[in-house]
Every structure is written in structure tokens, then in C-alpha cells.
Amino acid sequence: MSTPTASSSADPSSRGWTFLSNHAHVLVALAVEPDLRLRDVAAQVGITERAVQKILADLEDEGIVVREREGRNNRYVLDLDHPLRHPLESHRTVRQLVELVTGTQVTRPRRGSTSARR
């Protein structure tokens, strides 16, 4: 029987799974900082920029994320009241997921403003 190395026990994600999906990780990253570039989201989540693009396409198709152009940049606005998709969690919303993970209350930002928190 092998013993876990210090590096594998120090970084749980290095062992191949996490409790939340990459879709949830992307949502949380954009809820915290709606002006993030895709490469920065990818770096935070630990996936490729192309994977972030595919996840964003899924979230946009579902109506959870709306991409707004601001000059040369994008801003991502979340529908915080959208229910989660899986039957086990469909009684909860995106807002509740984000608040659980971030530990802060999240309010809907006004267009053109930064993410509002109380």
C-alpha cells in the first residue's frame, strides 16, 4: 500500500477530482470578477482557455450567463436567480451556490458597474 506524498495531500485537485464541476468553478470566478479574461478564468480553474469557451457556451445557451461587450473586453453578467440544473440541487439557485463558495452575499450588478456585494 502506498502512502500519499506531501504534494498530493497538499493539493487535493492533483488527485483527479473536486466536489464542484468546472462549470461551477467558472461561474464562481465570473461572479467574483465579471471582467476576467478567459485566460485568467482558465488559470484560476486549472483548465484550458478552450475548455472555458465551451463551458461559457453551455452557460450562455442555458441563459445563466450573458456576455456584454465593453470596448475591446467582455463582461459576464450572471442570472443569479437561475436554478441549478441537477435534480438533487434544482431547488437552489446560482446565487446560493456562489454565496456558499465565496462566503459573501452577491447582488445583481447594474449594467456597466462592478459586481456588487454587501
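Predicted model: local features only at pLDDT ≥ 70, side-chain atom pairs only at ≥ 80, totals over all residues.
**Stop 1: helix α4**

Select residues 49–61. This is helix α4, with 13 residues. From its first C-alpha to its last it reaches 18 Å, close to the 18 Å expected at 1.5 Å a residue.

Now colour V52, I55, L56 and L59, the buried residues of α4. Why do they lie on the same side of α4? They cover an arc of only 100 degrees around the axis, and that puts them on the same side. The general rule is that an α-helix has 3.6 residues a turn, so residues three or four places apart point the same way.

**Stop 2: the aromatic pair**

The model has one aromatic pair. Select W17 and F19 to see it. A pair of aromatic rings is described by the distance of the centres and the angle of the planes. Here the centres are 5.0 Å apart and the planes are at 80 degrees, which is an edge-to-face arrangement.

Are these two residues buried or exposed? W17 is exposed, with a relative accessible area of 55%. F19 is also exposed, at 78% relative accessibility.

**Stop 3: salt bridges**

The count of salt bridges is five; the tour visits some of them.

Select D35 and R75. Their side chains meet in a salt bridge, 2.6 Å from N to O. D35 is in the loop between α2 and α3, while R75 is in strand β2; the pair links distant parts of the chain, 40 residues apart. R75 is buried, with a relative accessible area of 2%, whereas D35 is partly exposed at 36%.

Go on to R37 and D40, whose side chains form a salt bridge of 3.0 Å, N to O. R37 is partly exposed, with a relative accessible area of 46%, and D40 is partly exposed at 25%.

Finish with R95 and D81. The closest N and O atoms of this salt bridge are 2.9 Å apart. R95 belongs to helix α5 (residues 94–102) and D81 to the loop between β2 and α5, so that the pair links distant parts of the chain, 14 residues apart. D81 is partly exposed, with a relative accessible area of 42%.

Key: Residues numbered from 1 in each chain as written. Heavy atoms only, no water. Helix = DSSP H or I, 4+ residues; strand = E, 2+ residues; numbered from the N terminus. Expected span 1.5 Å × (residues − 1). Buried < 20%, exposed > 50% of the residue type's maximum accessible area, 1.4 Å probe, protein only. Arc of directions from axis to C-beta. Phe/Tyr/Trp six-rings, centres within 6.5 Å; stacked < 30°, edge-to-face > 60°. Salt bridge = Lys/Arg side-chain N within 4 Å of Asp/Glu carboxyl O.
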